[in-house]
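Open the model in your viewer and keep the selection panel at hand. This tour goes from one selection to the next.

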Protein chains: 2
Amino acid sequence: MSDKVRIALDAMGGDHGPAVVIAGAELALARHPESEFLLYGDSGLISPLLEARPALRAASRLTHTDIAVRMEDKPSQALRYGRWKSSMWLAIDAVKKGEADIAVSAGNTGALMAMSKFNLKTLPGIERPAIAALWPTLRGESIVLDVGASIGADAEHLVDLAVMGAATARILFDLERPTVGLLNIGAEEAKGLEEVREAGRLLREEKLPGLDYRGFVEGDDIGRGKVDVVVTEGFAGNIALKTAEGTARQIGEYLKGAMTRTLRARIGYLFARSAFRQLRERMDPRRSNGGVFLGLNGIVIKSHGGTDAEGFAAAIELGHGVVRDELLAKIRAALGRPSKHPPLAIGGVAS
Amino acid sequence: MSDKVRIALDAMGGDHGPAVVIAGAELALARHPESEFLLYGDSGLISPLLEARPALRAASRLTHTDIAVRMEDKPSQALRYGRWKSSMWLAIDAVKKGEADIAVSAGNTGALMAMSKFNLKTLPGIERPAIAALWPTLRGESIVLDVGASIGADAEHLVDLAVMGAATARILFDLERPTVGLLNIGAEEAKGLEEVREAGRLLREEKLPGLDYRGFVEGDDIGRGKVDVVVTEGFAGNIALKTAEGTARQIGEYLKGAMTRTLRARIGYLFARSAFRQLRERMDPRRSNGGVFLGLNGIVIKSHGGTDAEGFAAAIELGHGVVRDELLAKIRAALGRPSKHPPLAIGGVAS
């Protein structure tokens, strides 16, 4: 890898398209001067934005395409008319061809995942890719996966998620042996989903070198930061992520309401302004914007579709984090562990 | 129903046993003088607590039992040694015998559900009971179910949950036709879990009189209060509930930290004290303590095991709300709707 980090951007993705993507790239470039951007999208829209940003323009190469995947497209639709030629496809394709280290898009998640799978293919031994999210916690940050790439997971897939999640945590959090928990309901061994219990048995028995399996965790353990990596199938994971976002927004509204209702409260707010600013920053969903697609022959990062330039910059910077440490090579190595899954023992579970 | 509301209490349930249960009953009695309590548990522990509370003592009848279900018991264990004679069983049995209108316990959820099913049996047409939770939202409150009574649900069970949840919302929120949403990932028809999509089709086609089906909702729509009733199977529902609780606690910690860090912030806090108190009350998990078991021939309410007297009182008061309006009769009537599930049409989904 050269010193440069080469980032392919789907400039048309997201609710706001080039306006947010280009402004986000400018912010990321200022913080990471080693960035190089490959931009894909409508040059009529993008060129004027680059004209106004000479530094970004110097660090970018723009490839024009008329075709953009729409936010409301179904994955199959997007593949049908957007393959080979849409801005989303071309960004992914730059990773495939080795021209870019990562691709970032704020476009439609389903289409981005379908195109990524179609073009990059899954890693050996991995049947289904996953989306990993960074989750702010009381201890710092955790990784939660899968947050919606696929629905349902058997025990083997959950173990794969644990391995990929741990590899990501090693890199992003600089940990030797990240702690891993399986999301379940009720912490006792006898409770919860059959596949999750079976995955727990496999993880306890395999004693994988790259992770420290800590058993089951519940929904409220995520925010507590009980483990570095929380593993779940995509339906429950997506619901957990969205529910947490909704709760944070709800409390933010309560807080705003409470602090403006009376004169005393408004005075108090003025005094504590910098504390509130700090709080707002901690609660800012833009800080942890970006889901990493794992399990593919290449790294693709999904930004929230509705984010602004600051949030899009965070997604690019997440990409810097994983590229610098060569996430993909580490996941490949971890998946290539000698005995992947031992035969199932009958009965008796080692604690 | 007499004017009195007769409440059977498992006085031994919860992390703190009689101390919290009796103190909670006292609070509830003060607010609802029409309460009558049937108390079950160790009279050696309970009698002294009643001695100190003459009003409560006058409104209570205590039945002694040595046997209490422990918080860590498995449901099967609890049934084996606690059936016929534990405080939990006796409280449920009072409902069965018609001596009490509702039973409330802060004990072990799995055991309480197992005993409730075993003793009260499910309503005709209902295979599995559900736990409904009250969820504070930006618009007021919603009902979310199932939050953990059983794992997985086919389309028919989800429709039953919608019907039972709507009956509960009609009563608790005094609504004619509560709005109902199915929890899913992605709002488009094509997305999400097969069973959820099928349940959506059934709800759209049946056009049930007692509810207004509004389609899919996502995790962040719960706190927004997008619908009055959110329907989901128990695994995802439990994870959503616990994740929201965890997020609220996490933000509470951030807030506490921010407001004590600097002198200016502390001064601000003093000024805005009453606003903070209001905020704390809105975020107080005790306010919405109590899960209602639905789908049984009798109403059982589960309080959080770790709650205090205020929280336990809230669970009792939730019971008052549902008894007064005869929840059970309304659920029976709603389930006895004429055409329960029409034959499945092939293809074509009416919007």
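This is a predicted model: local features need pLDDT of at least 70, side-chain atom pairs count only at pLDDT 80 or more; totals for chains, interfaces and linings use all residues.

In chain A, 11 strands make up an open sheet with mixed pairing. Follow them across in the order 3-2-1-4-11-10-5-6-9-7-8.

Now go to the edges. Select residues 60-64 of chain A for strand 3, and 212-217 for strand 8. Each of these edge strands pairs on one side only. Look along the sheet: from one strand to the next, the twist averages 25°.

Next, pick residues 179-183 of chain A, which are strand 7. Strand 7 and strand 8 of chain A run parallel, joined by four bridges. Which residue of strand 8 stands opposite A:V180? Select A:Y213 to see it. Strands of a sheet pair through backbone hydrogen bonds, either parallel or antiparallel.

Finally, show both chains. Chain A superposes on chain B by a rotation of 180°, with 0.0 Å of shift along the axis and an RMSD of 0.0 Å. The two copies are therefore related as by a two-fold rotation axis. Select A:G268: in chain A, its C-alpha is the nearest to that axis, 1.8 Å away. Both copies use the same surface, as 100% of the contact residues of chain A recur in chain B.

Methods. Residues are numbered from 1 along each chain as its sequence is written. Chains are lettered from A and ligands numbered from 1 in the order in which they are written. Side-chain values use heavy atoms; hydrogens and water are left out. Copies are superposed by least squares on the C-alpha atoms of residues with pLDDT of at least 70 in both. Contact means heavy atoms within 4.5 Å. Two strands pair if DSSP finds at least two bridges between them. Helices (H or I, at least four residues) and strands (E, at least two) are DSSP runs, numbered from the N terminus. Axes are lines fitted to C-alpha atoms, for helices over the stretch in contact, and angles run from 0 to 180 degrees between N-to-C directions.
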